[in-house]
Amino acid sequence: MTIAEKGELIIRDIKNESGVNPASIFRNIARKEYMSIHGPEHHILDGASILVAYKNAGGDIDLDSALNKLMYEGLRMPGAMCGLWGICGAISSVGAALAIIDGTGPLSTDGTWGEHMKFTAEAAAELGRINGPRCCKRDAMTAFKNGIKYINSHYEVKLESDDIKCEFKALNVQCINERCPYYG
């Protein structure tokens, strides 16, 4: 199955989610049989989880349009960018979701361009402290933790979070176990 085909399934299934907790939405979709433990399909799923939670919390976006744009952006992000480019696809995906919410582009001067850069820098710094190897689930949870904080402080909606504990460690042969803040 191609990443684009997985993306279509993610977009189809995520529209059925009703919660305001992006990590919970993510876990519901990440358990699907078409999802891999690691892979660039996370570059679609992670931002889509933020968009759905934002919309469900009362955020003013056209969800279909936003998800289509997120999928387009997610498909442009290559796999293994965390190790090869030095920036995590989960963080980039959530950053893309923020840009979609705000209508931010490369020429934006309303402050959102800089605010999104601060979000990605803070989330990436946290991943840098944790260190590798890659784990798309750990990276997604870190992106959500920072994304929820960002959204709750910048918008008139409130997303929920939970005490995130990993349920995917048995599937990840590179799991860092106790070094992971979500291990338990």
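Start by selecting Cys135, Lys137, Arg138, Cys166 and Tyr182: they lie nearest the centre of the largest cavity, which is lined by 18 residues. A cavity here is a set of points, on a 1 Å grid over the protein atoms alone, where a 1.4 Å probe fits but cannot get out, and lining residues have an atom within 4 Å of a point. You are looking at a predicted model, where local features need pLDDT of at least 70, side-chain atom pairs count only at pLDDT 80 or more, and totals for chains, interfaces and linings use all residues. Residues are numbered from 1 along each chain as its sequence is written, and side-chain values use heavy atoms, leaving out hydrogens and water.

About 150 Å³ of space lies in this largest cavity. Its lining divides into eleven nonpolar, one polar and six charged residues (Ala, Val, Leu, Ile, Met, Phe, Trp, Tyr, Cys and Pro count as nonpolar, Asp, Glu, Lys and Arg as charged, the others, Gly among them, as polar).

Which helix gives the most to that lining? Select α8, which supplies three residues.

Finally, show the side chains where they meet. Ala90, Ile91, Val94, Leu98 and Asp102 in α6 touch α8 residues including Phe144, Tyr150 and Ile151, with contact meaning heavy atoms within 4.5 Å.

Technical notes
Helices (H or I, at least four residues) and strands (E, at least two) are DSSP runs, numbered from the N terminus. On a 1 Å grid over the protein atoms alone, a cavity is a set of points where a 1.4 Å probe fits but cannot get out, and a pocket is an open set with protein on both sides within 12 Å along at least five of seven lines; lining residues have an atom within 4 Å of a point. Grid points are joined across faces, edges and corners, and a volume is the space filled by probe spheres set on the points.
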